[in-house]
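Here is a short briefing on one protein model. Look over the sequence and the structure first, then read on.

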Amino acid sequence: METTHPKKERTFVLLKPDAIQRGLIGEVVHRIERTGLKLIALKIIIATREQAMGHYFKDDAWCEDKGSKTVAALKAAGKRPKKTAIEFGRDIVRALADFITSGPVVVMIWQGNEAIGVVRKLAGGTEPTTSDVGTIRGDLTIDSYRMANVDSRAVRNLIHCSDKPEEAEREIKIWFSKDEQLKYRLLNEEILYDINLDGILE
Ligand code: ADP
């Protein structure tokens, strides 16, 4: 039997510096808010290097996976890669930490049924130029792997969101203290989650 009700799922969301500089905080929050998810915490901060490196703590398998895309892109362009896939992957981690410490970021926790999947669906695929129309990354920006690789930097894709519950809980601990995480009831949760809906008719 499940111990936690599905409506309690939480996801960690970070609006990257490009979202803040492009004036997109309201637009992105609006897209998430109107799904019915509940905002549990929100703040604008300048991330420390420790927070950034802790957040993007990635193992060799992750580095190899991401770095192999760089290797493939170089080969497709007729160039000979000068590093291994893992080394390219580690460069991406450093580039990501540089990126998210380059200016203010907005960090948030959202809660609700399938919170992680719902926000990932809204965010869209990693690369803005190929992510679906209708998604945050697909609609609101234009970066690509190719341009990021040419300039040796992280892809600027506006938003980070957790990809599984253990990651969400690990990330939340990096960015928020317990007393910043609010516990409250939203009136609209009744229509989303109430079982009998017996409080509506007069
Ligand atoms: P997502 O953010 O879609 O979950 P990943 O976890 O795969 O994507 O990667 C984390 C972040 O690293 C991405 O959002 C993007 O900013 C950056 N990134 C991923 N792959 C590359 C790459 N090959 N080159 C540059 N930046 C990358």
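Where does Pro81 lie? Pro81 sits in the loop between helix H4 (60-76) and helix H5 (85-100). This is a predicted model: local features need pLDDT of at least 70, side-chain atom pairs count only at pLDDT 80 or more, and totals for chains, interfaces and linings use all residues. Residues are numbered from 1 along each chain as its sequence is written, and side-chain values use heavy atoms, with hydrogens and water left out.

**Overall layout**
- The chain has 10 helices and 4 strands. Both are DSSP runs numbered from the N terminus: helices are H or I with at least four residues, and strands are E with at least two.
- Along the sequence, the pattern reads β-α-α-β-α-α-α-β-α-α-α-β-α-α.
- The C-alpha atoms fill a box of roughly 70 × 40 × 35 Å, taken along the principal axes.
- There is a domain 1 (1-46 + 103-202) and a domain 2 (51-102). These bounds come from an automatic or database domain assignment.

**Around Pro81**
- Pro81 touches Val71, Leu74, Lys75 and Phe88, not counting residues up to four places away in sequence. Contact means heavy atoms within 4.5 Å.
- Pro81 and Thr70 are 11 residues apart along the chain, and their C-alpha atoms are separated by 8.5 Å.

**Where the two domains meet**
- The C-alpha centres of domain 1 and domain 2 lie 24 Å apart.
- In contact across the interface are 20 residues of domain 1 and 15 residues of domain 2.
- The two domains bury about 1,400 Å² between them, with 60% of it on carbon and sulfur atoms. Buried area is the accessible area (1.4 Å probe) that two parts lose on being put together, summed over both.
- Within domain 1, Gly103, Ala154 and Trp175 lose the most area to domain 2, together 30% of what that side buries.
- A salt bridge is a side-chain nitrogen of Lys or Arg within 4 Å of a carboxyl oxygen of Asp or Glu.
- The interface of domain 1 and domain 2 does have 5 residue pairs in polar contact (both at pLDDT 80 or more). A polar contact is a pair of N or O atoms within 3.5 Å; within protein, one must be able to donate a hydrogen and the other to accept it, and residues adjacent in sequence count only if both atoms are side-chain atoms.
- Strand E1 (10-15), helix H1 (17-21), helix H8 (145-150) and helix H9 (165-175) each supply at least two residues of the domain 1 side that touches domain 2.
- H9 gives the largest share of that side, 4 residues.

**The ligand**
- The ligand is surrounded by 15 residues, and the closest are Lys66, Thr126, Arg137, Val155 and Asn157.
- A polar side-chain atom of Lys16 is 3.0 Å from a ligand oxygen atom.
- An N or O atom in the side chain of Arg137 lies 3.0 Å from an oxygen atom of the ligand.
- For Asn157, the distance from a side-chain N or O atom to a ligand oxygen atom is 2.8 Å.

**Salt bridges**
- The count comes to 13 salt bridges.
- Arg31 and Asp139 form a salt bridge through their side chains (3.2 Å, N to O).
- This pair links distant parts of the chain, 108 residues apart: Arg31 is in helix H2 (residues 25-33) and Asp139 is in helix H7 (residues 136-140).

Conventions. A residue is near a molecule or strand if one of its heavy atoms lies within 4 Å of it.
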